[in-house]
Amino acid sequence: MTTGATGTVAGKAGILLVDDMEDNLVALEAILGPLDQPLVRARSGEDAMKALLRQEFAVVLLDVLMPGMDGFETAANIKRLDQTRDIPIIFLTGDDLDTTFAFRGYATGAADYLTKPFDPWVLRAKVTVFLELHHTSRQLRGLLERDRDRLEAVEQRLAAVERQLAADGRPDVTALAHRVARLERALRGVGLPGPRTGD
């Protein structure tokens, strides 16, 4: 599925295709279309940077030789920004170019480097790996957020118990026991051991 530079599909991270040649973009869309992920075109490094700031991408396929901002400069800008620095970049370029281009690509932070003409199956397999890594990373972020919320709730309950213990007068032991039991259940919910009550 192809979208414009500003298009998004809910719940799916896009694949950014950066090339100034229409034929190359059409070929990439044909190769990657079966993955059923949003494919976003950018015809220049400047367009690529705008797209990256508008939506989430799992991987960038980046041509080296483009007018204006070339692929190396675009990659350097991607890696410079906190919002985009972790997005993997696969450089795509012709096989008749300087052999130092591959080194320059990796030096700017590229995850991979393919020369044209490339095997469509190899490209699709590499992109699939990055899509899976992105999906796993997103799941882990969700779990961390959930656990962070649970830990904050546990901290609030613990603070309430501490305030009751610090208050003047005799604490209500039965109420404290119930609160400690709730704390133990909450701690088990985030994978932490409950407080030790004895040896």
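Predicted model: local features only at pLDDT ≥ 70, side-chain atom pairs only at ≥ 80, totals over all residues.
**Largest pocket**

The largest pocket has a volume of about 290 Å³. Its lining is made up of 16 residues, and those closest to the pocket centre are Phe-57, Asp-86, Ile-87, His-134 and Arg-141. Two or more lining residues come from each of two elements, strand E4 (57-63) and H5. The greatest contribution is that of H5, which supplies 5 residues to the lining of the largest pocket. The composition of this lining by residue class is tabulated below.

| Class of lining residue | Number in the largest pocket |
|---|---|
| Nonpolar | 7 residues |
| Polar | 5 residues |

**Backbone features**

Two loops hold the backbone features described here. In the loop between strand E6 (112-116) and helix H5 (120-166) lies Pro-117. The peptide bond that joins Lys-116 and Pro-117 is cis, with omega about -5°.

Phi of Asp-36 is near 55°, which is a positive value in a residue other than glycine. Is Asp-36 buried, partly exposed or exposed? Its relative accessibility is 41%. Buried requires under 20% and exposed over 50%, so Asp-36 counts as partly exposed.

Methods. Residues numbered from 1 in each chain as written. Heavy atoms only, no water. Helix = DSSP H or I, 4+ residues; strand = E, 2+ residues; numbered from the N terminus. Buried < 20%, exposed > 50% of the residue type's maximum accessible area, 1.4 Å probe, protein only. 1 Å grid on protein atoms, 1.4 Å probe; cavity = no way out; pocket = protein on both sides within 12 Å on 5 of 7 lines; lining within 4 Å. Points joined across faces, edges and corners; volume = space filled by probe spheres on them. Nonpolar A, V, L, I, M, F, W, Y, C, P; charged D, E, K, R; others polar.
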